[in-house]
Amino acid sequence: MKNKDYKWTYNEILERFEDIEKKLFLDEAVIQGVPWWDTFRNQLFDELLVELGVMEFIDLREKVKKNKALTVKKFLVMKIFTIIHILKNFIKLFTPKSPLWINKQSIMVLGHPRRKLEEGVYVDPYSDPFIDLFPKTINFCVIERNEGNGHLSPVKTKNLFYADSLYNLANIISKFRKLKFNQNDLLTMSRLEKTLYSEFSCSIDINKRVKKIIQHWLGFYPLMQFFFKLKKPKLLFVVVSHAQEAIIAAAKSLGITTIELQHGSPTRSKLNYDYTSGITKKSFPDLFLSFGDYWSSNCKFPLDKDKIISFGNPYLYKKINSYSHIVKEDRLVIISQGLPILAKYAMDISKQFSKKLTVEYKPHPRELNEQEPDYFIELRKAGVIISHKHADLYEIFARSRWQVGVFSTALYEGLYFGTACFIINTSGSEHMKGLIKLDLARLISSPKDIDLNWKIDKKDTKKIFLKPSKENIEYIISLIK
């Protein structure tokens with residue numbers, strides 16, 4: 001066990017963590033039919049990174065502050081609102097937007113709720129352009145979950161249904177499911193807890209967290225299995241498989257082919273996708289449609305290579321064509337991920353290059369969920385432009401010569417607009433090793449390291465994002481039975 005004051009590196013934690021999961025055979029641990037490590041793995045690794053001071057997220061700190069400030073009165077008010085919310089969602093179960101009204105034998109898509117406003121309508125950048133590639137005779141139905149901001153309208157998506165009522169019912173069921181740990185279950189969790197303390201000096205209540213995961217699973221799995229039996233979808237597409245393992249497992253149990261559409265940037269050490277350690281994942285989709293050849297070489301998925309299809313990114317190529325007429329400006333964009341260091345860099349870069357370029361800060365959607373964060377005032381004082389919440393990131397890339405970030409997927413996309421990429425040398429930059437190795441991005445430790453004369457050759461980016469091919473589209477059509 002290291003001294004409590006020991007400064008862990010990201011890679012040290014990763015290596016130790018992967019050794020632990022192999023040593024304890026955690027991928028074989030099943031409680032009441034639930035492969036809980038499938039869901040818990042990435043969540044626990046992120047928690048360790050925060051506990052050991054290697055990574056810090058704004059939203060994690062804010063949650064802690066809110067929890068500390070919770071009074072008995074506020075707690076009771078929250079409970080009342082929760083009950084009202086549950087009743088409303090139960091009524092929604094019988095409204096036209098409920099998944100209960102989806103036609104049988106349709107092609108289901110679990111879409112992404114983070115939509116973009118374009119020409120007066122809200123677009124799902126993952127499912128909408130994908131559906132547009134196929135003949136209109138194919139019946140796609142999109143089920144959209146709620147991330148806390150409600151459902152945006154009007155939308156481009158046809159046959160759109162809201163998951164709220166169905167998922168609400170699953171959550172209610174989970175509250176009533178009895179959970180029993182046998183001696184082997186308790187021993188496995190105890191060993192994990194003791195090992196984490198021994199290796200990292202971190203005291204984490206494994207039992208509590210695993211219980212929550214299993215109860216969630218026992219609510220969602222049987223309900224979604226019944227739902228899929230009722231609706232008999234021909235295929236199930238998923239945008240973001242992480243945290244939806246129970247739903248995917250329910251579909252797979254009925255022989256329904258499950259396919260994930262890439263939405264983020266799977267890389268080494270992103271443990272919701274990276275299984276370099278050699279363990280298995282039982283609830284991963286049957287197929288993964290990647291943006292391009294780059295991703296399967298940059299990350300070891302829990303799938304055979306022939307199950308990873310370099311399908312392409314139709315939305316990105318549409319945007320490249322839309323903004324091809326825009327002339328580059330001396331503009332540098334900071335791609336925020338809600339990390340404190342990015343706002344600080346935006347201010348420092350503005351001071352460093354105030355007479356040479358315009359600095360724009362593109363907030364992460366969660367920074368705009370409620371009221372503006374306090375540091376937005378400091379950004380404006382420093383001369384930084386803050387992008388409008390509906391600003392099109394691709395138009396910003398088309399205007400900008402340079403971009404700065406840590407590990408956002410957007411950084412890869414910016415390259416396709418000829419925007420030179422600089423990665424801040426901080427926790428999370430490990431995810432960008434592949435891009436740095438190809439000299440498509442450069443690591444910086446301060447604004448002084450930014451070379452305004454550096455340009456990237458867009459020819460070198462061709463394997464990251466492909467155009468969807470007729471061959472791959474026809475293959476997907478062939479899967480529809």
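**Figure 1. Pairing of β1 with β4 in the seven-stranded sheet of the predicted model.** Strand β1 (107-110) is joined to strand β4 (residues 140-144) by four bridges in the parallel sense. Strands count as paired if DSSP finds at least two bridges between them. Within this pair, Val109 stands opposite Val142 of β4. Helices (H or I, at least four residues) and strands (E, at least two) are DSSP runs, numbered from the N terminus. The model is predicted: local features need pLDDT of at least 70, side-chain atom pairs count only at pLDDT 80 or more, and totals for chains, interfaces and linings use all residues. Residues are numbered from 1 along each chain as its sequence is written, and side-chain values use heavy atoms, with hydrogens and water left out.

Figure 2. Angles run from 0 to 180 degrees between N-to-C directions, and axes are lines fitted to C-alpha atoms, for helices over the stretch in contact.

Figure 3. Seven of the nine residues of α9 (residues 245-253) are buried, where buried means under 20% relative accessible area, exposed over 50% and partly exposed in between (1.4 Å probe, protein chains only). The buried residues are Glu245, Ala246, Ile247, Ile248, Ala249, Ala250 and Ala251. Their cover includes α2, β1, α6 (164-176), α8 (206-231), β6 (235-239) and β7 (257-261). Gly255, which follows α9, has a positive phi near 80°.

**Figure 4. Packing of α1 against α2.** Helix α1 (residues 10-23) packs on helix α2 (residues 37-51) at an angle of about 150°, and their axes are 11 Å apart. On the α1 side the contact is made by Tyr10, Ile13, Leu14, Phe17, Glu18 and Glu21, and on the α2 side by Trp37, Arg41, Leu44, Phe45, Leu48 and Leu49. Contact means heavy atoms within 4.5 Å.

Figure 5. The strands are ordered β12-β11-β10-β13-β14-β15, with parallel pairing. The edge strands are β12 (385-386) and β15 (442-444); each has a single partner strand, so one side of each is left without a neighbour in the sheet. Strands β10 and β11 run parallel and are joined by five bridges, and Val333 stands opposite Glu360 of β11. Four of the five residues of β11 are buried, so this strand is largely enclosed by the rest of the structure. Strand β14 (residues 420-424) pairs with β15 in the parallel sense over three bridges; here Phe422 stands opposite Arg442. Helix α12 (residues 340-352) lies across β10 (331-335), β11 (358-362), β13 (402-405), β14 and β15, and runs at about 170° to β11.

**Figure 6. Val121 in strand β3.** Val121 lies in β3 (residues 121-123) and is partly exposed, with a relative accessible area of 28%. The C-alpha atoms of Val121 and Ser153 are separated by 7.0 Å, although the two residues are 32 apart along the chain. Not counting residues up to four places away in sequence, Val121 touches Lys116, Pro154, Val155 and Lys156.
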